[in-house]
Amino acid sequence: MMLGQPVKEMAQAQQSAPTQEAIPDGPKPQAIPDAPKPQELPVGQVTPGAGTTEDSSGSTSDDGGVPSKLSSAAAQKADQGPPPEDVPAGQGPEYVIRAHVDFVEVPFTVKDNKGRLVPGLTWRDVRVYENNLRQQLSLFTVDPFPLSVALVIDQSMTFDNMAKVNNALAALQGAFTPYDEVSLITYNNGPRTVTQFTGAQSARLTQALEVSKSTGREPMMYSSGPLSQNININNGQDSHTDPNTNSTHGTSVLGIQNVPREAHTLNDAILAAGIALSKTATGRRRIVYVISDGKEYGSTAKFAQVVKYLNTNKIAVFGTLVGDSSLPVVGFFDRMHLPLTMRDNILPAYANATGGNFDGEFRQRGIETSFAKIAEEVRTQYTVGYYTHEPFVDGKYRTLEVKVLRPNLTVIAKKGYYPTAGDQRPAGVTQVK
């Protein structure tokens, strides 16, 4: 009885509860009277921007053109404010307009009157002139750059000089860091690539340096005249020939003998190194490092052509000068080029034209230390940059001059450059919606 009582009470409660009414539908939208149609104008009489107000578009155009999206006060404030920020790639609007300007980067070295590197300069100490006009600096840094070095080794030197270079090559890799890359080119009668760019500390470069070793050439011997190696007595009727020289020395046909000229294709070798460097990645310091006695004869490329190519591709020539040209007095006279004669030392001319430098060493120990000395000089260069106002890629040579406002200092920098499309940098981004 107790279990059935709650069921009975629930049934009675359901019978006594009122019937639930149905929920009516929501109100239907009323019909809106027809809106007045805009006045139709004949085709050809519609004025662009007509009907706009300052509330609807922000500002009106006085000349009847397309109005600005900013009010006059806001537009004036935007013109005087900072430039718009660069939009990261892939995060901007559908269309982006980029404005380009010419950016020129100039590395330079500063030394005191004793030839030591000068640290601690600031941008306030430096003045840069392009075509004799001072430029406003936009970049000044002393941070080192990773190096791309095209190593050029002369194999047309004499036996003794070649032996010194071969023995000193073991110290070459220690002058570079693991972040640098080095290629190796040798030349005798023409350039030959031993290895493409590889890590400066790699075993591949070690093997390439070992393969590049050569015995060199026999010194040129003159058979007659004041430079003859033999002793001629009574116009050759009685002669004494040095047994250490060639037995044909001192003999000639009809008293005339044409001495063949030795080929020293230094121009072609530097050009081949420059072509390889022009293909390296941007953001690296491009260097041609020459180990040679500086002689040049027989190249297809001309000196002016090679220098133009180097300055166009931001390549500097550094080197270690060996042989007689490295001696102070002899080296001075070797730099004096007489017309229609072979250049006894052209390496200083390359260094001066491209903003590089060279170190003259006669002994093997000096050659070994010169590697580290030149590498340190390249790595500790100052770098300045500016935006030029000259016409874009007009192909004309532009002179450069870097000055430091401190006494008794020597500035080593390139004398000029040729503009290229690679100097272009995005200066701003304008969004178009």
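Residues are numbered from 1 along each chain as its sequence is written. Because the model is predicted, local features need a pLDDT of at least 70 and side-chain atom pairs count only at pLDDT 80 or more, while totals for chains, interfaces and linings use all residues, and side-chain values use heavy atoms, with hydrogens and water left out.

The secondary structure of the protein comes to 10 helices and 17 strands, where helices (H or I, at least four residues) and strands (E, at least two) are DSSP runs numbered from the N terminus. Of its 433 residues, 36% count as buried, a term that stands for under 20% relative accessible area, with exposed meaning over 50% and partly exposed lying in between (1.4 Å probe, protein chains only). Among contacts with a sequence separation of 6 or more, 76% are made by residues 24 or more positions apart, contact being defined as heavy atoms within 4.5 Å.

In soluble globular proteins, nonpolar side chains tend to be buried together. A nonpolar core is taken here as a set of buried Ala, Val, Leu, Ile, Met, Phe, Trp, Tyr and Cys residues joined through side-chain atoms within 4.5 Å. The largest such core has 29 residues, and L151, I153, V165, I291 and F371 are those with the most contacts inside it. At least two residues of this core come from each of β5 (147-154), α4 (159-168), β6 (181-187), α5 (203-211), β10 (285-292), β11 (315-321) and α10 (364-379), and α10 gives the most, with 5 residues. Leaving out residues up to four places away in sequence, F371 touches A168, L169, A171, L172, A175, Y289, I291 and T320. A second, separate core of 22 residues includes Y187, L277, V306 and V307.

Two packed helices are described by the angle between their axes and the distance between the axes. The axes here are lines fitted to C-alpha atoms, for helices over the stretch in contact, with angles running from 0 to 180 degrees between N-to-C directions. The axes of α4 and α10 come within 9 Å and cross at roughly 45 degrees, which makes α4 oblique to α10; angles under 35 degrees count as roughly parallel, over 145 as roughly antiparallel, 65 to 115 as roughly perpendicular and the rest as oblique.

Not counting residues up to four places away in sequence, E377 touches T109, K111, L117, F318, N357 and I412.

A second pair is formed by α6 (residues 266-277) and α7 (residues 303-312), whose axes come within 10 Å and cross at roughly 20 degrees, and the two are therefore roughly parallel to each other. Their crossing is left-handed. N267, I270, L271, G274 and I275 in α6 meet F303, V306, Y309 and L310 in α7, a contact whose residues divide into 7 nonpolar, 2 polar and no charged.

Helix α9 (residues 347-354) has 6 of its 8 residues buried, so it is largely enclosed by the rest of the structure. Its buried residues are L347, P348, Y350, A351, A353 and T354, and what covers them includes α6, β10, α7, β11 and β12 (358-360). G355 follows α9 with a positive phi, near 85 degrees.

Most residues other than glycine have a negative phi. N131, in the loop between β2 (126-130) and β3 (133-134), has a positive phi of about 50 degrees although it is not a glycine, and N131 is partly exposed at 28% relative accessibility. In the loop between β14 (398-404) and β15 (409-413), N408 likewise has a positive phi, near 60 degrees, and N408 counts as exposed at 61%.

Conventions: Left-handed = near helix turned anticlockwise from the far one by under 90°. Nonpolar A, V, L, I, M, F, W, Y, C, P; charged D, E, K, R; others polar.
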